[in-house]
Amino acid sequence: MAEALPSKHRPEMVVDRNLALELVRVTEAAALAASRWIGRGDKNAADGAAVEAMRKAFDTVAITGTVVIGEGEMDEAPMLYIGEKVGLYARAGGGPEVDIAVDPLEGTSITAKGGPNAIATVALAEKGGFLHAPDIYMDKIAVGPGLPDGVVNLDATPEENLRELAKAKKCSISDLMVCTLDRDRHKEMIKACRAVGARITLIGDGDVAGVINVSQRDAGIDIYMGSGGAPEGVLAAAALRCIGGQMQGRLMFENDEQVARAATMGVDDPSRIYTVEDMARGDVMFAATGVTSGAMLRGVRRFAGGAYTHSIVMRSKSGTVRYVEGHHNFDRKPSAFVA
Ligand SMILES: O=P(O)(O)OC[C@H]1O[C@](O)(COP(=O)(O)O)[C@@H](O)[C@@H]1O
C-alpha cells in the first residue's frame with residue numbers, strides 16, 4: 001500500500017533518528033493544550049485537551065504506530081486507546097512500524113491545582129519493544145547511572161538499599177535524597193528511610209518525572225522508591241534506557257482477574273521483576289514537554305499570541321539527550337496545535 005504514496009513521501013522502513021525530534025512536536029502540542037487548564041480545577045478537561053492535541057499531532061509523524069501504553073481500552077477511551085493505530089501512515093500503511101507509549105498529561109491533578117512537575121510525554125520503540133503493562137500499580141525502585149549493577153533491588157528493605165547506595169556513592173545515608181509519592185501506602189517505607197537518616201522529597205503526583213530525576217544531576221534525587229502506575233513505569237523505563245540509570249519494577253496484582261488479564265497481554269510470570277531493558281527494549285525514543293515547571297523541565301509560559309515550551313528528547317541508540325526550547329507563534333500555527 002505504501003507504493004501508492006508519491007515517492008518523496010515514501011518512508012524508510014526503519015526507525016529514523018529524525019523521529020525523535022518529531023516526537024517533540026507531539027508532546028509540545030499536548031502540553032500547550034493542557035496549559036490552558038493549569039490551576040482551573042478541572043483535571044478531566046486538562047487531560048482531554050492534552051489527549052486530543054496529542055492525537056492530532058501524531059497525524060503528522062511519518063510512522064505506522066500502535067499504541068501499547070495509552071489512555072485505556074478502546075471501549076473506555078475515545079482516543080489513544082491501547083491498540084489504536086497512529087501516525088501519518090496509520091491508514092494507508094507503510095513507514096516504520098513502531099510501538100507507542102503515551103501519557104498526554106502525566107499529572108492531571110497537579111495541572112488542575114497548578115502544582116509542579118506535570119508533563120506531556122511519549123515514547124517510541126521498535127515493534128514489541130515495550131512491556132504491555134496493565135493499568136495497575138507497579139512497585140518501583142530507580143537510581144541514576146554509573147552505579148554497580150543491582151546496587152539496589154526491590155527485594156531488599158529500604159534500609160539495605162540505602163546502605164548499599166551510600167556505599168556505592170561513597171557518601172553517608174544522610175546525604176541521600178529519596179523521592180516517593182506522598183501516599184498512605186508508603187508510610188512504612190518513608191518511616192524506614194527516615195529511621196536511618198535519609199532525606200525525602202514527597203511528590204504529590206507524577207512519578208514518571210520522579211523516576212527520571214534520579215538520572216538528572218541537578219535534580220538532587222539519589223533514589224526513587226514506591227508504587228505508582230505500571231504504564232507510568234514503562235514510560236520512565238523508556239527514559240532511563242536513553243539517559244542511563246537502573247530501575248526495577250514489579251506489577252502489583254490485587255486479584256486473579258488482573259493476573260488473568262495481564263496474561264492475555266503477555267505477562268506470564270506475575271511476580272517477575274522487570275529491569276529497564278525488560279520494559280523498554282531495542283531502539284527507544286522518549287520525549288516530554290513541561291506543562292508546569294519541575295526539576296527537569298520548565299512549564300508552558302503563555303503570552304499574547306504565543307507560548308514558550310521546554311522539552312527533553314532522547315534516543316537510546318545514540319544516548320543523545322536534547323533540551324528543546326520552543327517559541328510558538330499562535331498567529332501562524334494551525335489552531336489544532338494550540339487548542
Ligand atoms: O494516585 P495514585 O493512585 O497513587 O497513582 C499514582 C500515579 O498517579 C500519578 O501520580 C498521576 O497520574 P494522573 O496523571 O493520571 O493524574 C502517576 O504519576 C502515578 O504513577
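# A guided tour, from hairpin to ligand

Before moving on, note what is on screen. This is a predicted model, in which local features need pLDDT of at least 70, side-chain atom pairs count only at pLDDT 80 or more, and totals for chains, interfaces and linings use all residues. Residues are numbered from 1 along each chain as its sequence is written. Helices (H or I, at least four residues) and strands (E, at least two) are DSSP runs, numbered from the N terminus.

**Stop 1: the hairpin**

Two strands count as paired if DSSP finds at least two bridges between them. β13 and β14 make a hairpin, with 5 residues between them. Click Gly319 in the turn: its phi is positive, about 75 degrees.

Stay on β14 and pick Gly326, which is found in this strand. Is Gly326 buried or partly exposed? Gly326 is partly exposed, because 18 other C-beta atoms lie within 10 Å. The cut-offs are these: buried means 20 or more other C-beta atoms within 10 Å of a residue's own, exposed means 12 or fewer, and partly exposed is in between, with C-beta atoms placed from the backbone. Now draw a distance from Gly326 to Thr66. The two are 260 residues apart in sequence and 27 Å apart in space, C-alpha to C-alpha.

**Stop 2**

Most residues other than glycine have a negative phi. Select Leu80, in the loop between β1 (64–69) and β2 (85–86). Leu80 is not a glycine, yet its phi is positive, about 55 degrees. Leu80 is buried, with 24 other C-beta atoms within 10 Å.

Next, go to Asn117, in the loop between α3 and β4 (119–126). Its phi is also positive, near 85 degrees, in a residue other than glycine. Asn117 is buried too, with 26 other C-beta atoms within 10 Å.

**Stop 3**

Select 18–35, helix α1. Its 18 residues should span 26 Å at 1.5 Å a residue, and the end C-alpha atoms are 26 Å apart, which agrees. The expected span is 1.5 Å times one less than the number of residues. Of the 18 residues, 15 are buried, so α1 is largely enclosed by the rest of the structure.

Now colour the largest nonpolar core, which has 102 residues. Such a core is a set of buried Ala, Val, Leu, Ile, Met, Phe, Trp, Tyr and Cys residues joined through C-beta atoms within 7 Å. Which element gives the most to this core? Helix α1 does, with 11 residues. Among the residues with the most contacts inside the core are Ala30, Ala34 and Val234. Domain 1 (2–128 + 284–337) and domain 2 (137–279) both contribute residues, so the core lies between them. The domain bounds come from an automatic or database domain assignment.

**Stop 4: the open sheet**

Show the 6 strands of the open sheet, in the order β7-β6-β8-β5-β9-β10, with mixed pairing. At the edges are β7 (199–203) and β10 (274–275), each pairing on one side only.

Focus on β8, residues 223–229. It is mostly covered: 7 of its 7 residues are buried. With β6 (177–181), β8 pairs in the parallel sense over 2 bridges. Val178 has Ile223 as its bridge partner, and Cys179 has Tyr224. With β5 (137–143), β8 pairs in the antiparallel sense over 7 bridges. There, Ala142 stands opposite Tyr224.

**Stop 5: helix α7**

Move to 230–243, helix α7. At 1.5 Å a residue, its 14 residues should span 20 Å; the end C-alpha atoms are 20 Å apart, which agrees. All of α7 is covered: 14 of its 14 residues are buried. Just after α7, click Gly244, whose phi is positive, about 100 degrees.

**Stop 6: the ligand**

Finish at the ligand, surrounded by 14 residues. Here a residue counts if its C-beta atom, placed from the backbone, lies within 6 Å. The closest are Thr108, Asp205, Gly228, Gly229 and Glu232. Elements giving two or more residues to this shell are β3 (97–106), α3 (108–113), α6 (207–212) and β8.

Colour the shell by type: 3 nonpolar, 6 polar and 5 charged. Asp, Glu, Lys and Arg count as charged; Ala, Val, Leu, Ile, Met, Phe, Trp, Tyr, Cys and Pro as nonpolar; the others, Gly among them, as polar. Where does the ligand lie? Both domain 1 and domain 2 give residues to its shell, so the ligand lies between them.
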